[in-house]
Every structure is written in C-alpha cells, then in structure tokens.
Amino acid sequence: MCEAEEAAAAVTIGATVPTGFELTAAAEVEEKLGSRCSVRRDRGKIYFAVAAEALAQVHQLRSVDNLFVVVKEFTDYQFKETKEESLKDLEDLVKQLPWTDPLKVWKLNTNLKKKKTKRKKQNPQGSASKENLSDGEGEEKTDTKVADKESDDQAQNALGLESAGGQETQAIISVDNGKQSDAKDEFLATAGSENGAGDCKESENEAPVLKFRVTCNRAGDKHNFTSNDAARDFGGAVQEHFQWKADMTNFDVEVLLNIHNNEVVVGIALTEESLHRRNITHFGPTTLRSTLAYGMLRLCDAQPSDIIVDPMCGTGAIPIEGATEWPNCFHIAGDNNPQAMKRIASNICSLLKKNQNQESSTSWGVSLDTVQWDICSLPLRTGSVDVIVTDMPFGKRHIYYIDPNFHSRIGSKKKNWDLYPACLKEMSRICRPGTGRAVLLTQDKKCFAKALSGMGRLWRKSQTVWVNVGGLHAAVYLLKRTLEEVGENRSRW
C-alpha cells in the first residue's frame with residue numbers, strides 16, 4: 001500500500017490512561033505502533049493515528065484503560081451565551097460530523113470481538129478458566145480478558161471513561177426520536193448483511209436496527225449546561241440522524257461526547273470494560289490497576305535478568321504485570337498479610353490457566369515467586385535485588401500487617417512515620433548499590449519526603465510522577481541507589 005493509501009486508511013484513536021502516565025503511554029504507542037501521540041497532560045487522555053488494520057495491535061497496549069475512535073475533535077469550540085443556543089448547536093453538530101469512517105472502525109472492532117467469541121465457544125477449556133472471575137472486592141463485576149497475540153483473535157475489552165478531575169461530571173442518556181438518514185444507509189452498506197447488533201433483528205429483508213446510548217464527560221465551570229443536558233439533546237439528534245433505537249444498558253454503539261472547557265471530542269467507544277483489570281481475578285480492598293502497575297514498571301527500565309521485588313504486593317498487580325510483560329526478569333512478590341498471599345496465589349493460578357488455554361502460548365509458567373514476610377526484615381541477601389517496585393500504604397484505606405505474629409494494624413498517617421523510614425532502610429539493604437532502582441507509589445507525600453530526607457546518602461530521587469489513584473492525589477517516585485553501604489546491626493548470610 002502506498003503512503004497516500006495508508007494515510008487515507010488511517011483513523012484517530014483516543015485512549016484513556018492513568019492520569020499522570022500520559023507520556024509513558026505515549027512512549028508505548030510510539031514503540032509498539034510507530035505512531036506519534038497527542039498528549040493531554042494531567043487529564044488521562046492520549047490520541048494517535050493508526051491504520052484501521054492495526055486495530056488488533058491497539059487492543060494489546062498495556063498502558064491504556066479504554067479505547068475509542070475519534071469522529072471529530074474541536075480544539076476551540078465556541079459555546080453560545082445561552083443554554084438553549086449551546087444545546088441547539090450540539091444538536092446541529094450531529095449532522096455535520098464525518099461518521100462513515102469511524103463507524104467502519106466500530107464495525108471492524110465488532111467483527112474482531114465476534115471472532116474471539118466464536119473461538120472461545122470452540123475451545124471450552126478457554127471459557128472454563130473464566131469461571132471464578134467475579135470473586136473480587138472491587139467495583140467492577142468481572143475481570144477483563146487478555147487479548148491473544150494473533151490479530152484476528154482480539155477481544156474487545158472495556159469502556160467507562162474515568163473522570164480527569166474533580167470538576168468533571170458524566171451523564172449517560174439515551175433517547176428516542178425518529179427520522180431516517182442517509183448516513184445510516186451509508187453505514188449499513190458498509191456493514192453488509194451481517195447483523196452486528198446483538199438482539200436487534202428486523203425481518204430478513206430489512207437492515208438491523210442498532211441500539212445506542214450517549215455518554216457525556218464534561219469538565220469546566222464555564223458551561224451553561226449540564227452533562228445530562230448535553231447527553232440528552234446530543235443523543236436525541238444522533239437517534240434522529242441514524243434512526244437507531246435507544247438502550248442505556250444493552251447497547252451496541254456507545255457515542256462519546258467529551259467536553260473539557262472549549263475542547264469538544266466526539267467519539268465511538270471500542271471497549272466495553274476497562275482493560276486495567278486484565279490480570280486480576282481475586283481483588284483486595286486496594287488492588288492496584290494493571291495499567292498503573294505497567295506504568296510504574298516502565299519507569300524502572302528493567303533489563304533482562306534483573307531481579308524485581310514487590311515487598312508489599314497485596315493481590316499482586318505489579319509482579320503479575322511484570323512477569324507477563326518482562327518475562328526475562330525474575331519477579332518476587334511478598335506481603336505480611338496472609339489473606340493477600342492467598343489472593344496473589346489465586347491470581348497466579350488464574351494467569352497460568354489462561355496462558356495454557358491460549359493456542360498461541362508456548363509458556364506454561366511465569367517467572368514469579370511469592371513469599372510471606374515482614375517488610376522490615378526481608379529474607380533476601382544484601383545487594384541481591386536490582387529493582388524494587390511497590391505500592392506503599394497510603395495511610396487512609398490501605399491495610400498493612402507489620403507484626404510478625406500477623407496481628408493486624410490499619411495503615412495510618414501516624415503509623416507511616418515509623419513504617420516508611422524502616423521500609424526505605426531495608427529496601428536500601430537488599431538493593432544493589434550503584435545500579436539499583438526503586439519505584440514507589442504513595443499518597444502520604446509528606447511522610448515519604450521526611451523519610452527520604454533521612455536516607456539521603458542511600459537514595460537519590462530521580463523523577464516524580466503525579467498520579468490520580470481513585471480520586472487521591474498520589475505520587476510515584478523513581479529512586480536510584482547510591483554506592484553507599486548500609487550499616488547493619490545483624491548478620492546477613
């Protein structure tokens with residue numbers, strides 16, 4: 001295909017990513033897809049152009065939560081002075097948008113999903129490995145599916161756009177109306193005779209009627225309308241334009257209306273469930289998102305044969321993501337909470353079953369081991385670890401057990417003043433002087449800064465990434481181990 005044809009086939013994909021890791025996600029896209037990204041710093045969104053044929057590879061990205069194809073982006077949209085005029089403009093906008101190519105991408109995405117579903121039905125062992133996915137304690141009901149490596153085996157994973165800030169609100173509205181449009185005829189000609197809409201079937205001689213809903217994400221305090229207003233009126237215009245049937249839950253097409261101050265982006269969702277829980281089937285109260293774990297692991301620049309340790313692993317999001325994406329390293333996960341160790345063992349078993357049931361998989365194991373231990377007294381040799389990556393107790397809702405007899409203590413700001421210095425000292429002991437690195441996530445920034453200042457001869461702060469973790473303003477610190485030796489008061493092998 002010549003360059004002109006490739007450019008014509010290119011589509012713009014939008015992705016939501018963990019807020020703060022936009023540049024990390026952009027680096028992954030450029031590395032794996034060769035596409036340059038437009039980054040929305042501190043807003044959790046990136047945009048990039050790819051050929052429609054590369055859609056399967058897009059679903060394999062590890063740093064993205066949700067995917068959508070962009071219909072049109074307006075960088076400086078001028079809203080009218082009154083609410084009625086602003087909403088009327090949004091209604092009129094529907095007829096002016098270039099829907100054809102984005103709907104082709106949606107159709108291609110739906111076909112990829114169908115092929116994956118058909119293959120699962122032919123492989124009953126594959127579905128058996130998903131029986132226990134709803135054991136978690138998180139908000140979502142099921143874990144997401146890991147996409148196969150082959151392009152025609154891609155699962156369609158998830159959407160539920162995360163708010164980028166405290167001012168953002170979300171509305172999901174579906175409405176009924178009714179006029180036939182040329183755009184619908186054009187799309188149905190593209191879609192062919194195959195029914196891509198699940199339950200919506202007309203007679204054999206008629207085209208299927210799709211179900212849809214509109215989701216509006218709005219941020220900014222200068223709008224004279226609410227998210228509900230925009231979703232309702234924009235959705236009404238979409239229904240009138242395409243003659244689709246409205247359905248808020250059992251929908252085929254999800255139209256996105258993202259408004260951030262004067263920026264307006266209209267898109268069509270390509271995912272139904274967030275990709276960030278792809279590896280976890282047994283959740284704890286503070287399970288880390290796999291996409292955030294991937295971003296933290298990328299910061300440490302892991303090299304083949306590195307030993308990577310998560311000393312406070314919880315349910316294992318970080319080490320499992322590491323063992324999946326960096327199999328040439330050896331990963332060790334530990335925690336003092338016996339319940340956490342049961343959960344990570346269950347998550348590893350689920351991952352092994354999933355790997356065995358993938359026809360393209362050649363590995364029947366993962367380079368990961370688990371140990372129950374005390375963070376302040378790790379059973380590891382001095383200077384034996386290359387990288388430490390962990391999610392430290394936030395002091396709000398994290399539960400951490402530091403008593404060797406496993407008596408529980410609730411993580412708190414007060415406890416962290418003792419725990420953090422002890423953790424950093426023990427981490428510096430096991431970490432290799434001169435080349436060792438640590439990537440640590442915490443919301444208790446004041447306590448961490450104080451603890452780090454007392455370890456200045458052992459650790460040097462290299463980078464700080466500010467992130468949003470469940471609405472909490474947290475930080476990821478990249479530390480470099482100095483050449484200084486740790487003074488020890490007890491023997492170590």
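This note goes through the predicted model point by point, from the whole chain to single residues.

1. Basis of the note. The model is predicted, so that local features need pLDDT of at least 70 and side-chain atom pairs count only at pLDDT 80 or more, while totals for chains, interfaces and linings use all residues. Residues are numbered from 1 along each chain as its sequence is written, and side-chain values use heavy atoms, with hydrogens and water left out.

2. The chain as a whole. The protein chain has 13 helices and 18 strands; helices (H or I, at least four residues) and strands (E, at least two) are DSSP runs, numbered from the N terminus. Of the 493 residues, 54% are buried, where buried means under 20% relative accessible area, exposed means over 50% and partly exposed lies in between, with a 1.4 Å probe and protein chains only. Among contacts (heavy atoms within 4.5 Å) between residues at least 6 apart in sequence, 77% join residues at least 24 apart.

3. Seven strands form an open sheet in the order 12-11-10-13-16-18-17, with mixed pairing; two strands are taken to pair if DSSP finds at least two bridges between them. Strand 12 (368-372) and strand 17 (459-469) stand at the edges with a single partner strand each, so one side of each has no neighbour in the sheet. Neighbouring strands are turned by 15° against each other on average, direction ignored. At one end of the order, strand 17 and strand 18 (residues 472-481) run antiparallel and are joined by 10 bridges, and threonine 464 has tyrosine 477 in strand 18 as its bridge partner.

4. Strand 13 within that sheet. Strand 13 (residues 387-391) is mostly covered, with five of its five residues buried. In a regular strand the side chains alternate between the two faces of the sheet. Here Val387, Val389 and Asp391 point one way, whereas Ile388 and Thr390 point the other way. Strand 13 pairs in the parallel sense with strand 10 (residues 307-310) over two bridges, and isoleucine 308 stands opposite valine 387. Strand 13 also pairs in the parallel sense with strand 16 (residues 437-442), over five bridges, and there isoleucine 388 stands opposite alanine 438.

5. Helix 10. Helix 10 (residues 317-325) is mostly covered as well, since seven of its nine residues are buried; among them are Ile318, Pro319 and Glu321. As for the sheet, strand 17 and strand 18 are joined by 10 bridges. Helix 10 packs on this sheet, touching strand 10, strand 11 (330-335), strand 12 and strand 13, and its direction makes about 170° with that of strand 11; axes are lines fitted to C-alpha atoms, for helices over the stretch in contact, and angles run from 0 to 180 degrees between N-to-C directions.

6. Nonpolar cores. In soluble globular proteins, nonpolar side chains tend to be buried together. A nonpolar core is a set of buried Ala, Val, Leu, Ile, Met, Phe, Trp, Tyr and Cys residues joined through side-chain atoms within 4.5 Å. The largest has 53 residues, of which Trp99 and Phe234 touch the most other members, and helix 8 (residues 227-242) supplies its largest share, six residues. A second, separate core of 38 residues includes Phe283, Ile318, Ala474 and Val476.

7. Helix 2 against helix 9. The axes of helix 2 (residues 22-33) and helix 9 come within 10 Å and cross at roughly 80°. That makes the two helices roughly perpendicular, a word used for angles of 65 to 115 degrees, while those under 35 count as roughly parallel, those over 145 as roughly antiparallel and the rest as oblique. The contact is made by Thr24, Ala27, Glu28, Glu31 and Lys32 of helix 2 and by Tyr294, Gly295 and Arg298 of helix 9.

8. Loop residues to look at. Asparagine 261, in the loop between strand 8 (253-260) and strand 9 (263-269), has a phi near 55°, a positive value in a residue other than glycine, and is partly exposed at a relative accessible area of 39%. Serine 305, in the loop between helix 9 (290-299) and strand 10, has a positive phi near 80° and counts as exposed at 59% relative accessibility. Methionine 312, in the loop between strand 10 and helix 10, counts as buried at 5%.
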